[in-house]
Amino acid sequence: MARNANGYVSSAQATAEGIPRRLLAAAVASGELVQVDRGLYALPDTWEDPLFIAQHRFSKGTFSDETALYLHGMTDRAPFSPTMTFPRSFNTKAAKGAGITCRTCADDVLDLGACRVATQYGNAVRAYDVERTLCDIVRGQRAVDSQVVAPAMRKYAASRERDPVKLLGYARRLGVEAKIRNYLEVLL
């Protein structure tokens, strides 16, 4: 199972396939698997994927801001610490303790623009799409380096996959339509 899943297998996946958890413990004891987090195992030669592990550990979170930009290839600056957005009701103490920059979001827009994207190691994680990410970084421009915002907007404007209608729709729902329009008027 781990070989078919880029080197990782969770205890939930094993249970779903009818594999008892004691066999996972036996595989760890024999060195066939390494436990990388609670309920997550990897083959010994698998490169550690910190974003995939963080997603497994904090499954209610969605990668956002600079982390999502990096995952979508909109910036080459790897974030110092991953940023995740959680529901407002989520207790972020453990995530902050794990070195994650935490944001919270209202439930009505929490899933707006959520998608699956591959990490640099090829594992799928939950992140916001490019349009939602651009709205988030413009909305919280105080927290995100301005040297990230302008290049990301230029790269988006030059992209063949850009969807300005979707971007403006998200901007309207997130309350940043005026800021996004300013960038689009200059760049498009």
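**A first tour**

Guide: Let's begin with Thr 133, which has its place in helix 7. Helices (H or I, at least four residues) and strands (E, at least two) are DSSP runs, numbered from the N terminus.

Visitor: What kind of model is this, and how are residues numbered?
Guide: This is a predicted model, where local features need pLDDT of at least 70, side-chain atom pairs count only at pLDDT 80 or more, and totals for chains, interfaces and linings use all residues. Residues are numbered from 1 along each chain as its sequence is written, and side-chain values use heavy atoms, with hydrogens and water left out.

Visitor: Back to Thr 133. Buried or exposed?
Guide: Thr 133 counts as buried, because its relative accessibility is 1%. Buried means under 20% relative accessible area, exposed over 50%, partly exposed in between (1.4 Å probe, protein chains only).

Visitor: What does Thr 133 touch, beyond its neighbours within four places in sequence?
Guide: Thr 133 is in contact with Asp 65, Ala 68, Leu 69 and Tyr 128. Contact means heavy atoms within 4.5 Å. The Thr 133 side chain also reaches the backbone oxygen of Tyr 128, at 3.4 Å.

Visitor: And helix 7 itself? At what angle does it pack with helix 10?
Guide: Helix 7 (residues 130-139) and helix 10 (residues 177-187) pack at about 110°, with axes 10 Å apart. Axes are lines fitted to C-alpha atoms, for helices over the stretch in contact; angles run from 0 to 180 degrees between N-to-C directions. So helix 7 is roughly perpendicular to helix 10, a label for angles of 65 to 115 degrees.

Visitor: Which residues make that contact?
Guide: Helix 7 brings Leu 134, Cys 135, Val 138 and Arg 139. Helix 10 brings Lys 179, Ile 180 and Tyr 183.

Visitor: New topic. What order do the strands have in the open sheet of three?
Guide: The order is 1-3-2, with antiparallel pairing. Two strands pair if DSSP finds at least two bridges between them. The edge strands are strand 1 (8-10) and strand 2 (34-37).

Visitor: How many bridges join strand 1 and strand 3?
Guide: Three, in the antiparallel sense; strand 3 covers residues 40-42. There, Ala 42 is the bridge partner of Tyr 8.

Visitor: Which strands does helix 3 touch on that sheet?
Guide: Helix 3 (residues 50-57) touches strand 1, strand 2 and strand 3. Its direction makes about 70° with that of strand 2.

Definitions and conventions
Angles under 35 degrees count as roughly parallel, over 145 as roughly antiparallel, 65 to 115 as roughly perpendicular and the rest as oblique. A polar contact is a pair of N or O atoms within 3.5 Å; within protein, one must be able to donate a hydrogen and the other to accept it, and residues adjacent in sequence count only if both atoms are side-chain atoms.
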